[in-house]
Amino acid sequence: MTRLIFYGGAGEVGGNKIYLEDQSTRIFLDFGKSFSQRSHFFDDPFLVPRELEDLLELGLIDPLDEVYKIRALHGNTRPVDGILLSHVHADHADHISLIHPVIPVYLGQVAKLILDSFATTRYRQMDNDTSELRFRTFRTGDRFKIGSIGVEPIHVDHSIPGAYGFILHTTAGPIVYTGDFRLHGPKRQMSLEFVARAKEVQPVAMICEGTNAFSPPNLNEEEIQRKLEELIAVSPGLVIVSFLFKDIDRYRSIFQAAKTQRRKLVISLKHAHFLRALRRDSRLDLPPLDDPDLRVLVRRRGCFYDWEVELRDAWEKTGRTVTAEGIAERQPEFLLTLSSFELPELVRIKPMPGSIFVMSMTEPTNEEAELDYDRLTHWLTHFGLPLYSLHASGHILPHDLRWVVQEVQPKELFLIHSEAPALLARYLSDVASVIRIPQRGEEAVLVGA
Ligand SMILES: [Zn+2]
Ligand SMILES: [Zn+2]
């Protein structure tokens, strides 16, 4: 028998945790953290769970002995055979830190480089520590088996590198899992290759994301670069851009805009650490880290982690560090990237009149738990910074989703990772044969072709 159970990602954006059982093989497709549910009880990074028991008590995770560290392997419980990660956004990957370490975690090679960087630079919590886990990496073109399930990972375009969709060969027939993907991004060809292969296998089921339903941000990266250049050109003061640095496409656009407008681009130490980790994969085509106009923002005072000292010293040797005070003195020369956690730097910079703040986040806040909008507006009001928005979505647009469903023609379509699955189900009802909107904990048995 082949069956699916949706423990997360059902009726919500993110938190994907999809159990797939085929004969005696049991795996999970993604193992993410659900920010929408978590925010009912917690407020990262201060009010956070301390033990796995906290998450169980509050119903934020299900009592699954075969996967969670707390009870796995007691009695006759056999752990699941593996966890397949589509990519390492928190809403797909963060809860791997809660699994029993005997369970192998499969992920793309680039995804592993990203996790390694985070393991060093991230503020460590009970539910983001991955140090004990056993990882196995793959690339597009690889095929491997987990028990009776044949796994075919295929790259897709998304707002983080190292993102994959999967074709899963089960006894009921092929199952397609999209992870998060889009067709309007700079690497759309990768997603098209995935769709072509999904069509070819004639799947019995497709588990598909449906993030975008209401006013999706519909710029593309070239437009973002051009509009950012225009904003810089008319801004006599400091230009600040807030974005998620895991999105290397956005970083490329911001980098290019700084170049054409002859501004020095300032990034954080954490961002520099991430870029250095990704440098090991030359195919990512990252802007050069040794660019003479790139600067790393360093603090003069305070506590420093070992990795910060090592990296800061290395950058200082190249003469390419800058302090908030240094930016304050020559504001029109800089394009400053700033995350919401770094807003206090504004106190030392004191943005001059004519400075602006550009919000350029690609993800819904549910995916990476970024910032509280009210709080941001207080900071911007205090410093007299008008807010501009420049977005491009990391997720498939509704009309592209229609095309994919028409192409692939799955016997059953499962809509997940969406706050509007009913809307999409109706929108797609003339192109899909059977559409299912799973509820959390609901089981679906797949009948073979
Ligand atoms: Zn997601
Ligand atoms: Zn994602």
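**View 1. Helix 4 and helix 8 make a right-handed crossing.** The handedness convention is as follows: right-handed means that the near helix is turned clockwise from the far one by less than a right angle, and left-handed means anticlockwise. The model is predicted: local features require pLDDT of at least 70, side-chain atom pairs count only at pLDDT 80 or more, and totals for chains, interfaces and linings use all residues. Residue numbers start from 1 along each chain as its sequence is written, while chains are lettered from A and ligands numbered from 1 in the order in which they are written. Helix 4 spans residues 109-121 and helix 8 spans residues 269-278. Helices (H or I, at least four residues) and strands (E, at least two) are DSSP runs numbered from the N terminus. The axes of helix 4 and helix 8 are 9 Å apart, at an angle of about 145°. Axes are lines fitted to C-alpha atoms, for helices over the stretch in contact; angles run from 0 to 180 degrees between N-to-C directions. From helix 4 come Val110, Leu113, Ile114, Asp116, Ser117, Thr120 and Thr121. They meet Lys270, His273, Phe274, Ala277 and Leu278 of helix 8. The contact of helix 4 with helix 8 has 6 nonpolar, 4 polar and 2 charged residues. Contact means that C-beta atoms, placed from the backbone, lie within 7 Å. Ala, Val, Leu, Ile, Met, Phe, Trp, Tyr, Cys and Pro count as nonpolar, Asp, Glu, Lys and Arg as charged, and the others, Gly among them, as polar.

**View 2. Helix 8 also packs against helix 9 (residues 306-317), with axes that come within 10 Å.** The crossing angle of helix 8 and helix 9 is roughly 80°. Helix 8 and helix 9 are therefore roughly perpendicular. Angles of 65 to 115 degrees get that label; under 35 is roughly parallel, over 145 roughly antiparallel, and the rest oblique. Leu269, Ala272 and His273 of helix 8 touch Trp307, Glu308, Leu311, Arg312 and Trp315 of helix 9. By class, the contact of helix 8 with helix 9 holds 5 nonpolar, 1 polar and 2 charged residues.

**View 3. An open sheet of 7 strands runs in the order 6-5-4-3-2-1-21, with mixed pairing.** Neighbouring strands are turned by 25° on average, direction ignored. Strands pair if DSSP finds at least two bridges between them. Strand 1 (residues 2-8) joins strand 21 in the antiparallel sense over 4 bridges. Thr2 has Leu446 of strand 21 as its bridge partner. Helix 4 packs on this sheet and touches strand 5 (104-108) and strand 6. The direction of helix 4 makes about 110° with that of strand 5.

**View 4. Another open sheet of 7 strands has the order 7-8-9-10-11-19-20 and mixed pairing.** Strand 7 (144-146) and strand 20 (434-436) each have a single partner strand, so one side of each lacks a neighbour in the sheet. From one strand to the next, the twist averages 25°. Strand 9 (residues 164-170) pairs antiparallel with strand 10 (residues 173-177) over 5 bridges. Leu168 is bridged to Ile175 in strand 10.

**View 5. Helix 5 (residues 188-201) and helix 14 (residues 398-408) cross at roughly 35°.** Their axes come within 8 Å. Val195, Ala198 and Lys199 of helix 5 contact Val404, Glu407 and Val408 of helix 14. The contact of helix 5 with helix 14 comprises 4 nonpolar, no polar and 2 charged residues.

Notes
Two residues are in contact if their C-beta atoms, placed from the backbone, lie within 7 Å.
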